[in-house]
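Here is a short report for a reader new to this structure. It covers charged pairs and a pocket.

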Amino acid sequence: MDGRPRVLTGDRPTGRLHLGHLAGSLRSRVALQDSHEVFVLVADVQGLTDHFERPGVLRRNVPEVMLDYLGAGLDPARVTFVQRSGVPELTELTVYLLNLVTVSKLRQNPTVKTEIAQKGFGDAVPAGFFIYPAAQVADITAFGAQVVPVGEDQLPMLELTREVVRRFNGLYGPAADGRDVLVEPQVLLSSSPRLPGLDGQAKMGKSLGNAAYLSDPPDELRRKVMGMFTDPGHLRAADPGQVEGNPVFTYLDAFDPDAACVQALKDHYRAGGLGDVRVKRHLLDVLEAELSPIRERRAAYAQDLPAVMALLHAGTQRGREVAAQTLAQVRAALF
């Protein structure tokens with residue numbers, strides 16, 4: 001470690017990153033890179049758990065996700081990008097830690113249960129998908145992450161990690177230097193609410209077809225924003241409108257830096273006299289101000305994609321060295 005607290009975060013490369021990623025994690029990662037040692041995992045192995053029949057999806061999207069990271073402002077001089085499939089030590093560590101995770105605990109994981117329902121697996125759940133919370137535990141512990149930024153939906157995964165760490169350290173004792181073998185991570189909870197989809201249903205998701213992407217060009221973003229779900233009872237501008245559960249105002253809360261302006265819009269909308277089109281145009285202006293520099297940085301990096309992938313390769317090699325150190329300590333404790 002370089003003396004700063006270590007952070008691990010990441011995404012499955014199943015598609016380009018969207019506004020939900022920006023609000024929920026990317027902005028906090030950009031802020032953390034100034035004060036923390038940040039590792040960002042391109043979790044293609046986890047992506048394979050429900051894309052095993054379509055591995056090309058992952059291959060295509062690894063560079064897309066890297067461009068999104070760089071466009072969002074993650075600095076390769078301060079952030080280590082790691083491709084999970086390039087770190088086989090993580091797979092070995094997963095096998096060892098699975099012995100400390102019960103089937104009951106995996107079945108009760110709310111995120112797994114929700115995604116199983118969304119994907120329509122029924123009783124045919126791939127075992128790799130079922131155990132991916134344990135693989136996430138291995139990822140976090142292998143890198144010795146002290147801080148893991150999460151949204152509320154990921155809190156059960158962090159609690160599982162903490163339970164496994166405590167159990168491992170309690171069973172197998174300290175390392176030769178007297179310190180715990182595995183580091184128990186602390187939670188950094190996102191301050192942004194989970195963004196609903198553009199259709200107002202569930203969360204914004206790549207597989208749900210209700211997302212606005214960081215790389216969407218201005219005309220595509222305009223089409224999506226102007227077509228957003230609002231209050232179905234707000235038929236005329238003169239009518240009082242419902243703010244709660246209205247995705248347009250949820251997005252304004254997440255992205256408009258002028259909280260007083262947002263509150264004034266909410267008050268006007270509730271009282272009547274403010275049309276949906278006007279509010280959506282304001283949201284579009286806010287999002288354009290946020291996304292325009294991201295698009296510009298992304299386009300600049302896209303001019304030299306081999307250099308971008310070289311950054312990922314170099315980071316993966318560094319990540320492998322870190323994971324190998326942890327794995328050596330785990331093996332020494334076990335064998």
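Arginine 16 and aspartate 216 form a salt bridge, with their closest N and O atoms 3.7 Å apart. Arginine 16 sits in the loop between E1 and H1, and aspartate 216 in the loop between E5 and helix H10 (218-226), so the pair ties together parts that are 200 residues apart in sequence. The model is a predicted one.

Are the two partners buried or exposed? Arginine 16 has 28% relative accessibility, so it counts as partly exposed. Aspartate 216 has 3% relative accessibility and counts as buried. The cut-off for buried is under 20%.

## Other charged pairs

Side chains of opposite charge can pair when their charged atoms come close. How many salt bridges does the structure hold? The count is 29 salt bridges.

One of them joins the side chains of aspartate 75 and arginine 78, at 3.1 Å from N to O. Aspartate 75 counts as partly exposed, at 25% relative accessibility. Arginine 78 is partly exposed too, with a relative accessible area of 33%.

Arginine 270 forms a salt bridge with glutamate 244. Here the closest N and O atoms are 2.7 Å apart. Arginine 270 lies in helix H12 (residues 259-271), while glutamate 244 lies in the loop between H10 and helix H11 (247-255), so this pair ties together parts that are 26 residues apart in sequence. Arginine 270 counts as partly exposed, at 34% relative accessibility.

Some bridges share partners. Such salt bridges join Arg16, Asp216, Glu220, Arg223 and Lys224 into one network.

## The largest pocket

The largest pocket has a volume of about 1,500 Å³. It is lined by 50 residues. Which of them are the closest to its centre? They are Asp11, His21, Asp153, Gln154 and Lys203.

Several helices and strands contribute to the lining. At least two lining residues come from each of strand E1 (6-11), helix H1 (19-32), helix H6 (110-119), helix H8 (132-142), strand E4 (147-150) and strand E5 (186-189). H1 gives the largest share, eight residues. By class, the lining of this pocket has 16 nonpolar, 21 polar and 13 charged residues.

Note on methods: Residues are numbered from 1 along each chain as its sequence is written. This is a predicted model: local features need pLDDT of at least 70, side-chain atom pairs count only at pLDDT 80 or more; totals for chains, interfaces and linings use all residues. Side-chain values use heavy atoms; hydrogens and water are left out. On a 1 Å grid over the protein atoms alone, a cavity is a set of points where a 1.4 Å probe fits but cannot get out, and a pocket is an open set with protein on both sides within 12 Å along at least five of seven lines; lining residues have an atom within 4 Å of a point. Grid points are joined across faces, edges and corners, and a volume is the space filled by probe spheres set on the points. Helices (H or I, at least four residues) and strands (E, at least two) are DSSP runs, numbered from the N terminus. Ala, Val, Leu, Ile, Met, Phe, Trp, Tyr, Cys and Pro count as nonpolar, Asp, Glu, Lys and Arg as charged, and the others, Gly among them, as polar. A salt bridge is a side-chain nitrogen of Lys or Arg within 4 Å of a carboxyl oxygen of Asp or Glu. Buried means under 20% relative accessible area, exposed over 50%, partly exposed in between (1.4 Å probe, protein chains only).
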